[in-house]
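Open the model in a viewer with selection by residue number. The stops below are meant to be taken in order.

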Amino acid sequence: MIPDENLTKAVISLQVETSCKIVEKICPNPHAVRLTLEVGDMVRTSYRGPGQFVHIKCGEGRLLRRPISVCVCSEDEPSDLLSVVFEIRGAGTAWLAARREGESLDVLGLLGNGFTMSPEGRYLLVGGGIGVPPMYGCAFCGGQCDAILGFRDASHALLTEDFEEICTTVAIATEDGSLGKKGFVTGPAEALLTKNRYDGVLCCGPRPMLKAVSALAARYGVPCQVSLEERMACGVGACLGCAVSMADGSMKHVCKDGPIFNASEVDWNG
């Protein structure tokens, strides 16, 4: 049975369900799709910061929506604009990737919290794989940003030129060395943390990467925020399915309490 408080939040959140028209579709690499949507007043009414996500219905026969992090969004007239970037990883995202410009999607959002940033701050952005797109949104919100982007190989790289246009420094690492430096993001991250003073490290990607980067940031005394990813059903805190362990022994939910958390809050061994 759903607790009354969560039921109330679910009902309120469902009011932001919107029919959103696809106005642009591009493929930044052979494995990913970028969709730009007209989202009504969604940004004006529910934007809380970069790193939020939307919950997209992927076909009539699929009960569960797919949570996808927002790449960038903006207020506009007559309709706000929002872009998402995703990889095809199953039937739902395959259906979504097959949509065409002019078609509409059933979108719930904006959901979750966002990264906390100051326009005067200096930030180190660390993204891995499909965790790279929300870091691009962060680059628009912080004063001065350096970015480290990690990919499996050159064919999975995306948004690299976009980051280079707005970030002071961009370093790329691939596991096989086919683009940028061979290895993981922790090497370039430590090099920049040694060289520069940052107000924060912002990170999105696979959990092992988040754990490693958060430990690195702690060693250099820099506050770190991470975007956690968990399987979720409702996206609004009603089903309590996306629970994660916190360092203080409590449980929090990625969709309602996150997806952005201070790295020091997270139980990385849970």
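This is a predicted model: local features need pLDDT of at least 70, side-chain atom pairs count only at pLDDT 80 or more; totals for chains, interfaces and linings use all residues.

Residues are numbered from 1 along each chain as its sequence is written, and side-chain values use heavy atoms, with hydrogens and water left out.

Select residues 132–141, helix α4. Helices (H or I, at least four residues) and strands (E, at least two) are DSSP runs, numbered from the N terminus. Eight of the ten residues in α4 are buried (under 20% relative accessible area; exposed is over 50%, partly exposed in between; 1.4 Å probe, protein chains only). Among them are V132, M135 and C138.

Next, show the side chains of Y136 and F140, four residues apart in α4. Y136 is buried at 7% relative accessible area, whereas F140 is exposed at 52%. Rings of Phe, Tyr and Trp (its six-membered ring) pair if their centres lie within 6.5 Å; planes under 30 degrees apart are stacked, over 60 edge-to-face, the rest tilted. Two aromatic pairs are counted. The Y136 and F140 ring centres are 5.1 Å apart with planes at 75°, so this pair is edge-to-face.

Move to W95. R99 lies over its face, 4.1 Å from the ring centre (the rule: NZ of Lys or CZ of Arg within 6 Å of the centre and within 35 degrees of the ring normal).

Finally, select A154, in the loop between β8 (144–151) and α5 (160–166). A154 is partly exposed at 36%.
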